[in-house]
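Here's a quick briefing to read alongside the structure. Take a look around first, then come back for the guided tour.

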Amino acid sequence: MKTPSSAQLVPDPKPSLARQLGLFDATMLVMGGVVGAGIFINPYVVAQQVHTPALILGAWIFGGVIAVGGAFVWAELAATLPEVGGQYAYLREAYHPAVAFLYGWVLLLVTQTGGMAAVSITFARYFRELTGAHIQDWVIATAALGALTLINCLGVKTGGRTQSAFMVMKIVAIGALVIAGLALAGRHLTTTTAAERAWSLPSFGGALVPVLFAYGGWQTANFVAAEVKEPKKNLPRALLIGVVGVLVLYTAVNWVCLRSLGPQALAATSTPATAVMRLALGQRGATFIAAAIAISTLGFLSQSILTAPRVYYAMADDGLFFRAVAWLDPRTRVPVVAIVLQSVWTIVIVRSGRYEQILNYVIAMDFLFFGLTATTIFVFRRRAARGLMTASAGYRIPGHPLTTALFIAICWWVVANTIYRYPDNSLIGFALLLAGVPVYWFWRRLNLHPR
């Protein structure tokens, strides 16, 4: 009888996540997590709150500066703890696995998937406008999510290249909007009354809320820290380059909208980018913007499918979720089950038609975890000073602790403002958050006492 060799008796080692994303890919991930369809549509929301070009542009620039401040914080976190899961890992190591689990719970249940559902429906509507297809929105959205899920299951390099291609197309589209607007849309002569020039802190604060939401998403690049080459060097660089790049793009779009339309007309149209391109190129310009928005939504979905499942993978790897979610395909070395799980739940939300309501529930929680994650810097620095962990290698937040504390204060101001303005929605959001507590203890108990 033939006996197996000793080599055959050794089990195959468990596959690990592959470091295949370089600086360019990581930078495109940062920018792709921020730039969605909103920048083509949302400038009018800010113009309704403040009414002069200086205040409108000032709100977008100030919001960008805050985002850069957040990028500084996440850059040090990336250099300190370059682990899969990003925010999940920081909260777990700084505080308690329960805190990290609640973050991942809300991310999967509503925050990430609710946003993806809304964006996929936006893609479907613009796809129908461009093609004239008589197909239901949810069918188109499901097909798009399915195709991008398949691409990301083929490997992180394939997913990264796809995301980078979408982001480059978005940059080209925004560049075309700015150039066409400057060259062909004409210039609106702005006159403002004394009442319009007057402003108050509450009105400027109201303008900042949509701006800060528009700048959100750059933090998701840290989810894939375990798949970035030299993450302690490349992730901080990608965060800072990416967020500054978005600041430049956003400011340019708002500047050309103001130059072409003026603040009053900007506030009066819910499709400012389309209005600018229609002035510049007629119906061809409007069609171009519809195509740009469709591409932008696909790029956001691609980035979301690439990054967020790494959080659920980390949760499962810690024994706080279904073990199957921690499975890596031996060939592609990506968490296929986690990727499919997120997309399937997104499709469920799409089909339910409740995605807009879900987004209203989680605004306060999103910024709650933003601020809480930033506080982990103080914990890690204190531990490093006591020799309990390695300090950040080569990157430190400029102006810390003042700049870090300011970023935390702004995040929690957004939370307080949201609770004040939308108490019912915020209450439901916090109820969803607290519902994760018994779920955590269930998984924890199951892990400690397996059958």
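Which side chain meets that of Arg-381 in a salt bridge? It's Glu-76, with N and O sitting 2.8 Å apart.

**The big picture**
- The protein chain is built with 19 helices and 0 strands.
- Its C-alpha atoms fill a box of roughly 90 × 55 × 40 Å along the principal axes.
- For 451 residues, a compact globule would have a radius of gyration near 22 Å, and the 23 Å of the protein chain agrees with that.
- Take contacts with a separation of 6 or more: 82% of them are between residues 24 or more positions apart.

**How confident is the prediction?**
- The average pLDDT of the protein chain is 88, and 92% of the residues reach at least 70.
- Residues 1-11 are another story: pLDDT is below 50 there, and the stretch has 1 contact in the model beyond near neighbours in sequence.

**Inside and outside**
- Of the 451 residues, 54% count as buried.
- The accessible surface comes to about 19300 Å², and carbon and sulfur atoms account for 65% of it.
- On that surface, Val-340, Val-344, Trp-345 and Val-348 form a nonpolar patch, with about 300 Å² of accessible area together.
- Val-340 belongs to helix α16, which covers residues 336-352.
- Val-340 counts as partly exposed because its relative accessibility is 34%.

**Salt bridges**
- The structure holds 9 salt bridges.
- Back to our opening pair: Arg-381 is in helix α17 (residues 355-385) and Glu-76 in helix α5 (residues 53-80), so to speak a link between distant parts of the chain, 305 residues apart.
- Is Glu-76 buried or exposed? With 2% relative accessibility, Glu-76 counts as buried.
- Glu-93 pairs up with Arg-92, and their closest N and O atoms are 2.8 Å apart.
- Lys-233 counts as partly exposed, at 35% relative accessibility.

Conventions. Residues numbered from 1 in each chain as written. Predicted model: local features only at pLDDT ≥ 70, side-chain atom pairs only at ≥ 80, totals over all residues. Heavy atoms only, no water. Patch = residues over 30% accessible without salt bridge, like charges linked within 9 Å, V, L, I, M, F, W, Y side chains within 5 Å. Areas by Shrake-Rupley, 256 points an atom, 1.4 Å probe, with all protein chains shown as cover. Salt bridge = Lys/Arg side-chain N within 4 Å of Asp/Glu carboxyl O. Helix = DSSP H or I, 4+ residues; strand = E, 2+ residues; numbered from the N terminus. Buried < 20%, exposed > 50% of the residue type's maximum accessible area, 1.4 Å probe, protein only. Rg over C-alpha atoms; globule rule 2.2 N^0.38 Å. Contact = heavy atoms within 4.5 Å. pLDDT = per-residue confidence, 0-100.
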